[in-house]
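This report describes how the chains of one model are built and how they meet. It begins with a strand pairing and then widens to the interfaces and the chains.

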Amino acid sequence: MAQVAAPPTEARVSDRPGRGPIDWLGGWRTCIVGCSVFLLLAIAIRIFQQFTAWKYGIDASSKNFALYYRSLFIAEVVGVTVATLWWWGSLVRRGRTLVTAKISHAEEVRRIAVFWGLVGTTSVILYIMASFWPNQDGSWHQTAVRDTALTPSHIPMFYLFFPLGITFTVGTYLFGRYWLPKVYGAENGFPWSFFLLIAASVTELMQVAMNEWGHSLWITEEIFAVPFHWPFVLYGWLAAGIFALWAETLVRLLQIEGEIEQAAGVKEEEVA
Amino acid sequence: MRRRHRRLLGAVLLAGALVVSISPAAQAHGEKSQEAFLRMTSVGWVDVKFSQDHVKQGETFTITGTAKVLDAWPTGLAKGAPNTGFISAIAPGPVVIVKERTINGVSAPDRIDVHKGGIYEFSLTVAGRRAGTWHVHPSFSVKGAGTLLGPGMWITVEKNPAGYSNPITLDNGKTINLENYQLPFTWIWLLITFVIGVAWMIYWTVPKRTVTNLAVTSQIPLNTDGMEYGLITKRDHRNMNWFAIGTALLLVVGWLYQAAAFPTKMPQQVIQFAPPQPAIASAPQFAKASNATATYDRGSKTFTMNVDVTNSGKTAMTLKEFTTTNLNFVPGTPGPLDRQMQVAPTTTVDPGATTKLTLTTHDSVWQDEHLLTIGGAQLEVTGILVFDDGGGARNLAEVQAIMQPQFK
Amino acid sequence: MATDAKTLELRELVNKQYRYIDRKWDAVFWITAIFVVGAAADITKQLFAGDWDFWTDWKDRQWWPIVTPFAIIIIGSALQYIQWLAWRFPTGMTYTAVGLFLCTFVGRWVQWGAFVYYPMNYVWPATMVAAAIFADWVLLKTKSFILTSVIGAILFSVTWWISNYIPLAPYLQPAHWMDRIVTVADVQGIEYIHSQTPEYLRIVEHGSLRTFLGETQYVSLVFGATVAIAGYWIGQFIGRGLAIWPIGRFIKRW
């Protein structure tokens, strides 16, 4: 019988009960943790705003605004930049060591579950950046005088969750490229699915700049349905590429099932 | 769940429960970041008064004053021809609500026609709604320019022990509470339709598998429902027909209900008109200001304006105040919304005379309000000089002073 | 007629049990996807038709029935294509409607209510669900996106208006206010100040030369239905071009 190669260090598929590749605390743990972390982060900031926004957030020239909101802005930008570069760097570093290693079907299935967890986290982040905060932005700006680009509603939206969109669309790609080479390996080229999804997150952040320029140039009253807001929508539609990610990995899952069946069929023949 | 996690969850839920019960005080409104030229050259505010600064929820106070769309209105704003305006109140959200508005003596629910040089004597009756201390301003919005704030005042709204409601009277004589009128009906209706949608989704996603269908659907044409393979069955069709029929019936019942419960309806109204001229607009003009220049010394925080004032009336006229944006400067003892200025040589100008007046303020408010920023695109100070002729007549003389900046 | 081998094979495939693909994959897909679907529908609605949806005094009879169905049918149409193609489920429009309602409800209650204190009976969101049921039902019956784009979109926009006129009705009652007769919705709009959105910004019917003997409402409904058909095809482009076309495709030189 052929020797089975020792599993590489990243093959974390576990035999512990409840920690298998498709168990909630196994392969699906990334999904649960990822989605929860960012929902809780958004809720925490929202609670902070409830106590501080009307008290300190409506006069951008005041000292309290600098203490509570400008500082939050700086913490967010620095934090998200550092965390993103660290995570991407770690994905590339670890990924390079394991991309060529042979892995078992169970491990590949686990990785697809982790991938779906990252895609799910991206979906939650897209919700927070495209629905949760924009609702607040509309309510705030139709009520308070706009006196800075760094308003209490802009700060978590444009300067934390919009960048997090890029963090996760690119991070999910890096995971796919190194951990699922049969689907997203570099030799295939750059996936169109990820191109569209990453483009959505990048162009959304670029649109922030145009948005602020427009608001200062045209001295507009606050109305949501105006043409210079529409690029936010059009760029957002590019995120439809996320569905292709589910499809591409689902196709691979079905292929794995086919390979398992084939291997079982060969074994039966051998036994026979 | 571990005890540690339970405690954390409890803390998060408690914090969340506190969310809606907090009512913090608010400070100034951020108007300082509006461009100085926008604030000073667009709308002038004279004699803004608040009838009181403490009300209970539901009790009213009034904000009165005069707003002028200045002759100096910049050509770059609203294409130089302001034509539509809206006077209201600004607060941190609807913590106070507007109950009545008159402009030049007539009731004005919505927008009004405005023009350059137009004078609008307004009275806003405002009711306290949310307990707290709020900075409230009158506001004048002009289409194409935005919302301009008048002088603000801290208003304390106290909790009303009798509770809070916002009654209005329908045309059929019934009095309703606008705070929550028909809210249960609205939510119940939205919830019923939501539940139907969830039921539809549960029908398809719970008993049937989803992702594994791809193995089949990838092999059959798009415009087939896969009935021969069991993807969609005749029973599914029948059940969905029931869903559609049920939804249609719900809409019929809902329609009949609203037709019976609310038989008289009309479309939303838009009321726009030009308010009548106030007396002051057609009063004889006896005061004129010209050749104005201004300087500001950052070290001593001294603002000085020199202006030639001409009295073409028959009696002596007296300078009562100088207003610009939401600032009001008076010679003598300032009121609660006023600031002090010195006037040399005198506040009085004889009939037929032209006198050079020097107005001086020692006040950091010019810097605090960012009105004299060297980085601004236009270095002018625009405002209104208010003169009385001693016989009860009043004139608003616009002054536009060329600012001589001091860069050190 | 004897059933052919391919049909038998596909029937077996529908019920096949797999080693690793269990119902958790379905659960994760439906639950995680609803966030991005609801959000996409919400941002499209907010920035194309948001002001009409935020306030009762904007829900008029001239503009509201045109801009809103157009805005909300787009993402639902894309999801119809994806979910029919991938699963043969007539659920895309309803799934979008459920997701959109959840996003909007959270947004209105947490932000417009708890953050800036507008009364909920002034800022309640319109519902898309009843309209979506009919659009999905038409797809199920016709199995055709072309037919759904016409019949489904027309049914969608008319049903949408009916299902939202019902909760709007009480706010269209006339009320005495400031020496005038205006609607309850108008009073809400004037009393509950929104400082940065002055009244003159309302893009609502404000008298026209020709009201066609009061037929304004019906003209708007018909035009709204045709605009919804256009919106449906924008959604089809998103579904076909941006969601499905990229599957398995790679950029070779980048």
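Predicted model: local features only at pLDDT ≥ 70, side-chain atom pairs only at ≥ 80, totals over all residues.

## The interface of chains C and B

Chain C contributes 97 residues to the contact with chain B, and chain B contributes 103 residues. About 9,200 Å² is buried between chain C and chain B, with 67% of that area coming from carbon and sulfur atoms. Of the area that chain C buries against chain B, 9% is supplied by C:R88, C:Y117 and C:Y200, more than by any other three residues.

Four salt bridges are found across the interface of chain C and chain B. One of them joins the side chains of C:E191 and B:K99, with an N to O distance of 2.8 Å. Polar contacts across the interface of chain C and chain B number 48 residue pairs, both residues being at pLDDT 80 or more. By class, the side of chain C that touches chain B holds 58 nonpolar, 18 polar and 21 charged residues.

## C:A130 at the B side

Helix α6 of chain C, residues 129–142, contains C:A130. Is C:A130 buried or exposed? The relative accessible area of C:A130 is 3%, and the cut-off for buried is under 20%, so C:A130 is buried.

Leaving out residues up to four places away in sequence, C:A130 touches B:T247 and B:L251 of chain B as well as C:T159 and C:S163 of chain C. The C-alpha atom of C:A130 is 21 Å from that of C:V36, and the two residues are 94 residues apart along the chain.

## The interface of chains C and A

The contact between chain C and chain A takes 67 residues from chain C and 74 residues from chain A. The area buried between chain C and chain A is about 6,300 Å², and carbon and sulfur atoms account for 71% of it. C:Y20, C:W25 and C:F115 together give 14% of what chain C buries against chain A, more than any other three residues.

One salt bridge is found across the interface of chain C and chain A. C:K16 forms a salt bridge with A:E261, and their closest N and O atoms are 2.2 Å apart. The interface of chain C and chain A also has 32 residue pairs in polar contact, both residues at pLDDT 80 or more. On the side of chain C that touches chain A, two or more residues come from each of α2 (23–54), α3 (64–87), α4 (92–113), α9 (216–244) and β3 (250–251) of chain C. Which element gives the most to this side of chain C? That element is α2(C), with 21 residues. The side of chain C that touches chain A divides into 47 nonpolar, eleven polar and nine charged residues.

Strand β1 of chain A, residues 190–191, pairs with β3(C) in the antiparallel sense over two bridges. Within β3(C), C:F250 stands opposite A:P191.

## Chain C as a whole

Chain C has nine helices and three strands. Read from the N terminus, its elements follow the order α-α-α-α-α-α-α-β-β-α-α-β. The C-alpha trace of chain C spans about 80 × 40 × 40 Å along its principal axes.

Chain C has 254 residues, and 71% of them count as buried. Among contacts in chain C between residues at least 6 apart in sequence, those joining residues at least 24 apart make up 72%.

## Chain B and B:T360

Chain B has seven helices and 23 strands. It has 408 residues, of which 52% count as buried. Of the contacts in chain B with a separation of 6 or more, 68% come from residues 24 or more positions apart.

B:T360 sits in strand β21 of chain B, residues 354–362. With a relative accessibility of 16%, under the 20% cut-off, B:T360 counts as buried. Apart from residues up to four places away in sequence, B:T360 touches B:T302, B:F303, B:T304, B:M341 and B:Q342.

Definitions and conventions:
Residues numbered from 1 in each chain as written. Chains lettered and ligands numbered in written order. Heavy atoms only, no water. Helix = DSSP H or I, 4+ residues; strand = E, 2+ residues; numbered from the N terminus. Buried < 20%, exposed > 50% of the residue type's maximum accessible area, 1.4 Å probe, protein only. Contact = heavy atoms within 4.5 Å. Buried area = accessible area lost by both parts, 1.4 Å probe. Polar contact = N/O pair within 3.5 Å; in protein donor to acceptor, adjacent residues only side chain to side chain. Nonpolar A, V, L, I, M, F, W, Y, C, P; charged D, E, K, R; others polar. Pairing = 2+ DSSP bridges.
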